[in-house]
Number of protein chains: 2
Amino acid sequence: MSKSELATGTQAIDRASTLLVNILGATTPLYLSALAKAHDLPKSTTSRILAALERAGLIQRDRNGAFLAGHILTSFAREQNQDSVLVTRMRPILETLSAKTGETSNLAIPGNGFISLIDQVDGQYLLGATNWVGKQVPYHASALGKILLAYSTIPIPVGRLERLTEKTITSRVRLLQELEQVRKNGFAIIIDELEIGLVAVAAPIRELDGRVIGAISVSGPASRLNQKSLLEIGEMIISKVEDLQVNSLSSKPQKKRKVGAA
Amino acid sequence: MSKSELATGTQAIDRASTLLVNILGATTPLYLSALAKAHDLPKSTTSRILAALERAGLIQRDRNGAFLAGHILTSFAREQNQDSVLVTRMRPILETLSAKTGETSNLAIPGNGFISLIDQVDGQYLLGATNWVGKQVPYHASALGKILLAYSTIPIPVGRLERLTEKTITSRVRLLQELEQVRKNGFAIIIDELEIGLVAVAAPIRELDGRVIGAISVSGPASRLNQKSLLEIGEMIISKVEDLQVNSLSSKPQKKRKVGAA
DNA sequence: AACAGGCGTTCCATATTATGAAACCTTTTA
DNA sequence: TAAAAGGTTTCATAATATGGAACGCCTGTT
């Protein structure tokens, strides 16, 4: 029939897939008859296909018989967005960073009022290796926080920007300028802003669509990390994170696969 | 072949579904050959099916050609877990509650250190209708917070339990007893614990698997809501939330559908 | 009550469609 | 350079999906 692209030997699966995608994309449960009409399929065929998808747990019916995403997909969704997934995915990067720099690296996501530190890998140095996971670290005084503010949709916390050291940015105007600079650089730095003697550099983690969902930092004592090393480490974080993206997902496959002439 | 249950006219879709479920459930991308072996299918058939699923965007390949969840499913996952989904789903309940009681109702989810209020519907009374969304409301002094602590996996916040009024629970032992009581009742109440003159009652929102993911409350001035009304409203919240669950999901459909004899 | 209409499932003869063995291609390993 | 491993394509074949029609169930109408 008049199918859009090349495709052969998969009519049934194509139809099933299209129906499934339709159901997942809909904001409200869809009825069999509506689906049949929309996809221009006979009721009988539609019924058979949907029953098969339901059997597999890919879709389910509400009390009225309308179709919505099945338990397989809702639990998939739940698992996907758990912090642990991000931790697992980013662990190798944190380890590489700590190994190469000798310093502590951290992983953070946006939290309510404070950044939420969800993982840490300590470096080889004893000095500086405190555990930050779970700590209430403010956005405006941390490298991780600056990244999250600069790239994510988080609003700058309401209220006064707490002064933690004499270097802390406490002016909102000043902070906005700083965030602009962060976006220009691609990474964020703090020097003495959170704690005297503590420096850090952070870069964003992006989803495939570009959304920033977290940040990775390397931090240590100012005595070991000068401005230059911070810049280098910043670039290192960015490239490690990019490597992961590029390696894990592809339009052009690594192995050349013949695309076929039907 | 030796399929488990009744099924007819859907061999292809059944195979495709099983493969898809397998790919979604795997923690690491799966290769064509491994899938073919695991499902006892010829390579050619497997290739054809996977290509169809890929075309639909249900699966995609990583750089090495291994299969993982496709963009359709990852964006589905993302949307699912947005607060806005919960807000939309719960809105009707908040509206019913506010209409029936005349008081303000709120929707909250766990936040970092504080509960996170994500929606509110005001009642008819002028007195009492302040906007709480975005406020930093502590767990131990709110009805919503007590529910989240009692049912969810959130640990009781570290540090001192801040005294907000003379009635605030500030002893951890006392709080644990209170949470036990909450679990026994199925709802939580505060009287003067957050603010003198303010009372509230809250009940949990559960996912299909029983996990508590949020809470709904009704709050107002003690002058209008006595102990008895609070209990009644508590029961009302519980039943409204249950109604939604029952109505939106079903094993036994409302309309009796013939189950068929093959 | 009886009827019409809407929605969904089942049946079944049919040919369209999925099937899988074998050949073919690439890349990797020996 | 050969051989293995992983994947795609081809093509003759029959097994499988197909869809029109009949059926069953519920709701709303008169």
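Reply: Two strands are taken to pair if DSSP finds at least two bridges between them. Helices (H or I, at least four residues) and strands (E, at least two) are DSSP runs, numbered from the N terminus. Strands of a sheet pair through backbone hydrogen bonds, either parallel or antiparallel.

The model is predicted: local features need pLDDT of at least 70 and side-chain atom pairs count only at pLDDT 80 or more, whereas totals for chains, interfaces and linings use all residues. Residues are numbered from 1 along each chain as its sequence is written, and chains are lettered from A and ligands numbered from 1 in the order in which they are written.

In chain B, an open sheet is built from 6 strands in the order β5-β4-β3-β8-β7-β6, with antiparallel pairing. Its edges are β5 (137–138) and β6 (188–191) of chain B; each has a single partner strand, so one side of each is left without a neighbour in the sheet. Within this sheet, β7 (residues 198–206) and β8 (residues 212–221) of chain B pair in the antiparallel sense over 9 bridges. Pro204(B) has Ala215(B), in β8(B), as its bridge partner.

Chain A also holds an open sheet of 6 strands, in the order β5-β4-β3-β8-β7-β6 and with antiparallel pairing. The edge strands there are β5 (137–138) and β6 (188–191) of chain A, each pairing on one side only. The antiparallel pairing of β6(A) with β7 (residues 198–206) of chain A extends over 4 bridges, and Ile189(A) stands opposite Val201(A) in β7(A).

Helix α6(A) lies across β3 (104–109), β4 (114–121), β5, β6, β7 and β8 (212–221) of chain A, and runs at about 35° to β7(A). Axes are lines fitted to C-alpha atoms, for helices over the stretch in contact, and angles run from 0 to 180 degrees between N-to-C directions. Residues are in contact if their C-beta atoms, placed from the backbone, lie within 7 Å.

The loop between α6 (143–151) and α7 (172–185) of chain A contains Gly159(A). Gly159(A) counts as exposed because it has 8 C-beta neighbours inside 10 Å (buried means 20 or more other C-beta atoms within 10 Å of the residue's own, exposed 12 or fewer, and partly exposed in between, with C-beta atoms placed from the backbone). From Gly159(A) to Val173(A), the separation is 14 residues in sequence and 14 Å in space, C-alpha to C-alpha.

Methods: Two residues are in contact if their C-beta atoms, placed from the backbone, lie within 7 Å.
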